[in-house]
Amino acid sequence: MRARVAFVASLVALSSVACVDRPPEAPARNAETTRLLPARVRRLTNVELERTLSALVGAPVELAARLPPDVRQEDFTPNAEQGAPAQWATRLDAVAREIAATTARERLAELVPCAAKARDRACASELVTTLGRQAFRRPLDATEKAALLATFDAGANDGGQFSRGAELVLRALIESPNLLYLTELGEGGAPGDSVTLTPYEIASQLAYTVRGAPPDDELLAKAASGSLLKPSVREHEARRLLGMKDTRHHFRRFVLEWLEVDELERSAKSAALHPEYEALKSHMLAETSAFVDEVMVAEGASISALLTAGFASVDPPLARFYGLKTWGPRASLVNSGRIGILQQASFLAAHAHEDFTSPVKRGDFVMKKLLCSPTRRPAELGIDLVFPPPSTALTTRERFSQHVVDPSCASCHDAIDAFGFPFETFDAAGRARRTEHERPVNPVTQARVDGKTVRLGNSVELSRILAQSPNVKECFARQAFRYFSAQHDAGVERSYLELRDALSDERSGNLVEELVVYVASELFVKREVRSP
């Protein structure tokens, strides 16, 4: 009981940031005048938290899938709307208990070497200082250290064991707002002021922006020296972190969330129509992840490469599904009717229904995520959403022809369906097809791209046209910035686009280079204090 009371008290003492259901919302701003990100506090996403705890305990931790799903903004999990509702906090507490107990029992000496021999008061102080610095991503202050030592004492005295004290310290750290939240507050200021992030805030922002993980010892040392205030040092550190092998997971995550396929394994298809889907969907997601790695490392990290790369990263089961004669990280797609990421089964299956395709879902993705031209939802226009009745006598395109007949639908669907119909050569599971219900499918359409009407014979032609579009390249840059900066403010995005536009031809269009120029800029370290 004493340990329980001390543990709860330590959480209060350690909370320099209030752990509330949701961080305060910033008021709406005129996009023309908003230039800086707001001074704010945001909760780590479940994936960021998983990587943070893995680094803290020195071993892989399975956490993200065990917590309630993150709130999304613009389809991305990194955002300022993440809170800690009761269900989430309760589940985190249960997982924290497991992690703390296992770590204290099995890996304590790996984290704090003195625990292997001299388990005395000096070792307890070393444990608190070492783990506290890593958990909070900065050195502890005197009050925080005293609170954690009191927590250690309560555990050690209650059970008579050093490991029990360490276990309670770990629980306190894992559930502390100082670990769960990132601050972007600087030293504070009045509404309207511009503030500079503290060196340790910069270190955390740099690490989570570039890697989706906490700062390592080298980055924290740079924060301690104050050198992260220099653009050249931030650029150097960004490139160092980008060179780490596991950084690829962060870029994968961005593309998977942008493509809206990250939850593919929770999806289902009609077993009667697509009996192979259940066994193949994990292979589909693995293909997209491996493909992103190849594009980011060897193909210039550009949207053009994502859309038009002439290879697939498939294993034998998915190669057979595609009808390919070879497999591997760069299996040729010549004469396959596929190219790049939009003809991958993960995308095609995610943007379809259980038993039939969806020109609307596929076309809407193109408009929203590649052209940054989202359409209003039917409910917003007062239109009741009614699917065309099932029919084995008509193709999906023929069934959806009502969209262009009904004036209330045609105003939006003329554009949406024009981008969706080229994908009709693939069924709801992403398998290539020439017919539907023994009738030929028709992928031919006309669409507006960059103010011009273009004829599209199929989705491969669409991908190639989109890959050359300046609007698509800018839209993709916006999407990436929303993910990596955890915001969706049009005015801030304009500031970022100005940085991007100033890049040389050799660096422009490369997602990695565009991220580096952001990290090195004032936009990265400055924040605007806004009224609550």
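Modeller: Residues are numbered from 1 along each chain as its sequence is written, and side-chain values use heavy atoms, with hydrogens and water left out. As the model is predicted, local features need pLDDT of at least 70 and side-chain atom pairs count only at pLDDT 80 or more, while totals for chains, interfaces and linings use all residues.

Biologist: What makes two rings an aromatic pair?

Modeller: Rings of Phe, Tyr and Trp (its six-membered ring) pair if their centres lie within 6.5 Å; planes under 30 degrees apart count as stacked, over 60 as edge-to-face and the rest as tilted. The structure holds 18 aromatic pairs.

Biologist: Why is the pair of F254 and Y483 called tilted?

Modeller: Their ring centres are 5.5 Å apart and their planes stand at 45°, so the pair is tilted. F254 belongs to helix 12 (residues 248–259) and Y483 to helix 22 (residues 470–485), 229 residues apart; helices are DSSP runs of H or I with at least four residues, numbered from the N terminus.

Biologist: Why is F254 called buried?

Modeller: Buried means under 20% relative accessible area (1.4 Å probe, protein chains only), with exposed over 50% and partly exposed in between. F254 has a value of 0%, so F254 is buried. Y483, at 4%, is therefore buried as well.

Biologist: Why is the pair of F347 and F365 called edge-to-face?

Modeller: The centres of F347 and F365 are 5.1 Å apart with the planes at 65°, so this pair is edge-to-face. Both F347 and F365 are buried.

Terms used:
Helix = DSSP H or I, 4+ residues; strand = E, 2+ residues; numbered from the N terminus.
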